[in-house]
There are 2 protein chains.
Amino acid sequence: MEPSNKTIQIEWQPLGLKTESGEDQTLLAAAQKNGLRLAAVCGGNGTCGACKVQRLAGELSPLSETEKEKLTQEEIASGFRLACKAKPLGNVKIHIPKATLLTEQRLQLEGESSLPDISDSARVIQTIDLTITEPTITDHRADSVRLKDALTDSGIANCTIHPALLSTLSDELRLLKWQPRAVLRGNEAVALFSPEIPPLGLAVDIGTTKIAAYLVDLATGQTLGRQGVMNPQIGYGEDVVSRIAYANATPDGRETLQHALIAALNTLIETLCEECGMAPKQIVESVVVCNTAIHHFFCNLPVRQLGKYPFIAAVSESLNLPATSFGLCTAAGAAVFIPECVAGYVGADHLAMLIGSGIYRTNNTMIAVDIGTNTEISLFHQGSVYCCSCASGPAFEGAHISCGMRASAGAIERLRISGKKSHYQTIGNQPPVGLCGSGILDAVAALRTSGIINHRGNFDPDFPSVRKTVKNYEYVIADETESASGKAITVTRADINEIILAKSAIRSGLEILMQTAGIQAEALDAFLVAGAFGTFLDVESAVAIGMFPEIPLEKFSQIGNAAGTGARSLLLSSELRKESSRLATRMTYVELSAYPDFNDILVSWMYL
Amino acid sequence: MEPSNKTIQIEWQPLGLKTESGEDQTLLAAAQKNGLRLAAVCGGNGTCGACKVQRLAGELSPLSETEKEKLTQEEIASGFRLACKAKPLGNVKIHIPKATLLTEQRLQLEGESSLPDISDSARVIQTIDLTITEPTITDHRADSVRLKDALTDSGIANCTIHPALLSTLSDELRLLKWQPRAVLRGNEAVALFSPEIPPLGLAVDIGTTKIAAYLVDLATGQTLGRQGVMNPQIGYGEDVVSRIAYANATPDGRETLQHALIAALNTLIETLCEECGMAPKQIVESVVVCNTAIHHFFCNLPVRQLGKYPFIAAVSESLNLPATSFGLCTAAGAAVFIPECVAGYVGADHLAMLIGSGIYRTNNTMIAVDIGTNTEISLFHQGSVYCCSCASGPAFEGAHISCGMRASAGAIERLRISGKKSHYQTIGNQPPVGLCGSGILDAVAALRTSGIINHRGNFDPDFPSVRKTVKNYEYVIADETESASGKAITVTRADINEIILAKSAIRSGLEILMQTAGIQAEALDAFLVAGAFGTFLDVESAVAIGMFPEIPLEKFSQIGNAAGTGARSLLLSSELRKESSRLATRMTYVELSAYPDFNDILVSWMYL
């Protein structure tokens, strides 16, 4: 059969992207050619099995031997293939599972995750286009009364006007020729716009390290833009404990930390608005989620008592504050909504994650976990919700790991050891620089699975890539010639210890929550893993090192930045705000350090 | 009978002051010796009849011929005497009617005017001394939740915490050893004090020219101190019209005018608190009353539409705003309450006057008038309230009068003409400098009564003290040798015109309100005159020139600074705040310039 010049169309779901390619090209090659980054740790050799995709329509080349080996019977029956082996025979429609899609596209994807369909009455912000009667010498009603009367006529009972709007009301009514679009928060008018201007919302997830912001059209619910920046408070301490120390020791320390955040948010707002052709004054509502310490910094609340035993939050209720009290450059009548903190170390970001993931509605037995320097876990069981915070440390953010780094270009994010050799994939397909969280997790799991380290984490010195150092042994992933820096990328005994500490902290939290609820891991219907690291980690590796319990892999779901999704939902729906309040009161905080036998449990999980 | 050295005690009511004097001394002399300033226009000759006092107990010298002439039968029967004639024969108790007592003492007196007796539930601010449970490792409630739980246990349902308190709460709870005095506004905690510290309130009456401020103990209702200063906005225009022009023409003009007021209030607060040994941060509540234009300046509201036809207020509803939004140096959780404006030229100060005078409760037919550059009048009749504002001009503040001056030392405040000579009394008994409002009013009335001017205001050139000037005639009250300045103090034809314009404006307003209500002056049960000028003017003179209707003099009451009293009541009682809202909605504003035949009515009152 002679080679044809037939052009084949591939439709990639759920991105909705259509690409064209020639015959005799694998799905992986076609994806790469079009900038779609699929997980392909082995470089397309069929050894890693990471590039699983699902055929939705059209014909693919027959199943290869490699695929028969790497895919389960069930997967094969469901149309799963390895993208590095399967070739389209005609136009096809391919579904890329979340786990297979990497970085940019995955981030883009999670942004599209469905936002709630909200009835008008449940909207936090609504707009009404008004026609208002002009004053005369015999109709002396004040401008504020005119506006209220018009709103009452439009069916808004007991309406009020935001104080900040009062100072511009008269001029705006006349400028808009008495035909304004009134922007309402509940029954309170907060802004007057020209009728063609949409009201905007800002959802912000402030992490200890990173800030993610989303600009949302409050009329349509559509996300118009998103931006991420580093949390500038890093200049005052890498973790919240050192920032609390800074705030307590420095005159105006709290103000300094707050202003750093506000300045960053204002820059984010301006950038986002410019990108989307909008104005910051169109933003009438914001939702901010973060952990309890960052929450206290953002609101300039006292942190002295939060930083020391018994670690008490100043405020745990949801807050609804004027944006002007923060100095945000949004509309004068804009508000900032901040959901409840559950406890000193379980913050509004975790609550937003539970809302964003939809788990709050479940009647099943489910766990949701958000891994970070502090790992928050919630267990839903028979209507009860148990939560805790584990001091898992910064190892999965690449800190305290000899070759650790943040998840940026050149970081090894996937690793397998097959035969005597390690195969890895770096972010941006750059030459390797170091190991990010998912890379070091994979590395430790692969070392254990391959028998290179034992259950205590000690090396088998006879393995080819293991070499002796001054203190101990280390495993060489990329030697001096292969590494971009000229310095070998290795896993040391100390690195393994860090991972053991982190995973045992997380596993102990999981076990104690399950003990508290009186269940075994087998009872779990689902296990959600959220957040940046949680989205990129390899669940199999996490199970392999004992960080997650051994339950069927299909019970795990990696749900992306659900806290951001939750924040955007809370921006739109007052019903969901009530839900999140109800959820916060339903949650039972379990203080791990006060749990009987906590230390014994912790130690018992310090094996691989 | 030989002169005795017997010492006689006089108790002066309602001041509660006790003085001692020798025998054979008139009550007037005894009063003057002790710094009590009684009205005594004629200098104690028994010709003016102004120094009426009432015997409450003890014996006085027999009734003199002068007294029989100057006092009515009814007054004599009630124990009234002239202080310049009556001498105590032993220890006596004397009541000084308001109209007889001048300046300082009178101002002091009005401060004592009874404030409402308020039930605990009607208090705007209440305090509760709490004992709060300290946190432990197993009791993780946030500090805010601890405070709320303690308040709930004390019977405060659905309590909330003021956002400003949140930022100090944790440190204060620990500083106060978990035993704070919680200061509550309704069910909202606004401050935490040490249990011995009383919460304070500030009542402010901002006039176009003067600001009066009162510091009130909110626990006892007692007025601790009072202070008056000039309104610093005078630097931007003497009247509100020129200040509105300034605000519109100048960049940041509104801000400049607002900041001038705030700076003056902050100085007042600091002075008052220092005087009373209190701290500004104890002030948790303020009430501000003023006319509509000053109200708009104070709140930084737009005034463009207020300054031009048809003169529309931006906002007329009552406002309840955080003190921090004004930059006041009071407690972080303090609020500022500003009652309703009734119309563009009937402000919250008039409403506060109606509350302070108690007239709002009446079922009778009554008028209450507050004379100033704008004179506000309210007529209560059969459950309806009609109100208007008259452009009476600044003549009664001494402006636009050739020898006019403010009511300060050396101003002629009372004047009578008997025989061919004028007798006068000056403020502080200083040599005469000029005429204040009540002096010019007396002068015009006396000139007319003596036939020196006719009903058009034209001089009889043959009267001894009438002399010709370049333009017209003038009446000499104090010639060049008598006047403190060496410049004669006179009343000119132009001065008389100013007074005619002012009184016809006021009388027209009174007549139109009565026409609107369908009543005659005879139907009036009472006629209240409020404010500084209203308190010091001679009602007989006001009736004589036709400014007030000819009704029996005893129907008039001069009620002092009722707006200040009203503001202090609104500081204490949430019931009265509701009353003032109900009153504002009951009031029908009558726009005089839109009234049929307004100009004819105005002209018809331009005769003396």
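Okay, hi everyone. Before we look around: this is a predicted model, so local features need pLDDT of at least 70, side-chain atom pairs count only at pLDDT 80 or more, and totals for chains, interfaces and linings use all residues. Residues are numbered from 1 along each chain as its sequence is written, and chains are lettered from A and ligands numbered from 1 in the order in which they are written.

Let's start with the two chains. If you turn chain B by 180° and shift it 0.0 Å along the axis, it lies on chain A with an RMSD of 0.1 Å. So the two copies are related as by a two-fold rotation axis. The superposition here is by least squares on the C-alpha atoms of residues with pLDDT of at least 70 in both copies.

Now, how many residues does each chain bring to the contact? Chain A brings 33 residues and chain B brings 33 residues. By contact I mean that the C-beta atoms of two residues, placed from the backbone, lie within 7 Å. On the side of chain B that touches chain A, helix H5 (143-153) and helix H6 (163-175) each supply at least two residues. H6(B) gives the most to that side, with six residues. A word on names: helices (H or I, at least four residues) and strands (E, at least two) are DSSP runs, numbered from the N terminus.

What is that side of chain B made of? Its residues divide into 18 nonpolar, 10 polar and five charged. The sorting goes like this: Ala, Val, Leu, Ile, Met, Phe, Trp, Tyr, Cys and Pro count as nonpolar, Asp, Glu, Lys and Arg as charged, and the others, Gly among them, as polar. And because 100% of the interface residues of chain B are also interface residues in chain A, the copies meet through the same surface.

Let's stay with H6(B) for a minute. Its 13 residues should span 18 Å at 1.5 Å a residue, and its end C-alpha atoms are 19 Å apart, which agrees. The expected span is 1.5 Å times one less than the number of residues. There's also a kink of about 55° in H6(B), centred on B:Leu169. That bend is the angle between axes fitted to the seven residues ending at a residue and the seven starting there.

Which residues of H6(B) are buried? They are B:Leu165, B:Leu166, B:Leu169, B:Ser170 and B:Leu173. Buried means 20 or more other C-beta atoms within 10 Å of the residue's own, exposed means 12 or fewer, and partly exposed is in between, with C-beta atoms placed from the backbone. The buried residues of H6(B) pack against H5, strand S7 (160-161) and strand S9 (188-193) of chain B. After H6(B) comes B:Lys177, with a positive phi near 55°.

Next up, strands. In chain B, strand S5 (residues 92-95) has B:Val92 and B:Ile94 on a covered face, and B:Lys93 and B:His95 on an uncovered one. Strand S1 (residues 7-13) of chain B pairs with S5(B) in the parallel sense over four bridges, and B:Val92 is the bridge partner of B:Ile10. Strand S3 (residues 52-57) of chain B pairs with S5(B) in the antiparallel sense over three bridges, and here B:Ile94 partners B:Arg55. Two strands pair if DSSP finds at least two bridges between them.

Then there's strand S11 (residues 210-217) of chain B, where six of the eight residues are buried. Seven bridges join S11(B) to strand S10 (residues 200-206), running antiparallel, and the two form a hairpin with three residues between them. S11(B) is also joined to strand S12 (residues 223-230) by seven bridges, again antiparallel. That hairpin has five residues between the strands, and B:Gly221 takes a positive phi near 80° there.

Last stop: helix H12 (residues 493-517) of chain B. Its 25 residues reach 36 Å from first C-alpha to last, close to the 36 Å expected at 1.5 Å a residue. Just after H12(B), B:Gly518 takes a positive phi of about 75°. That's my tour, thanks!
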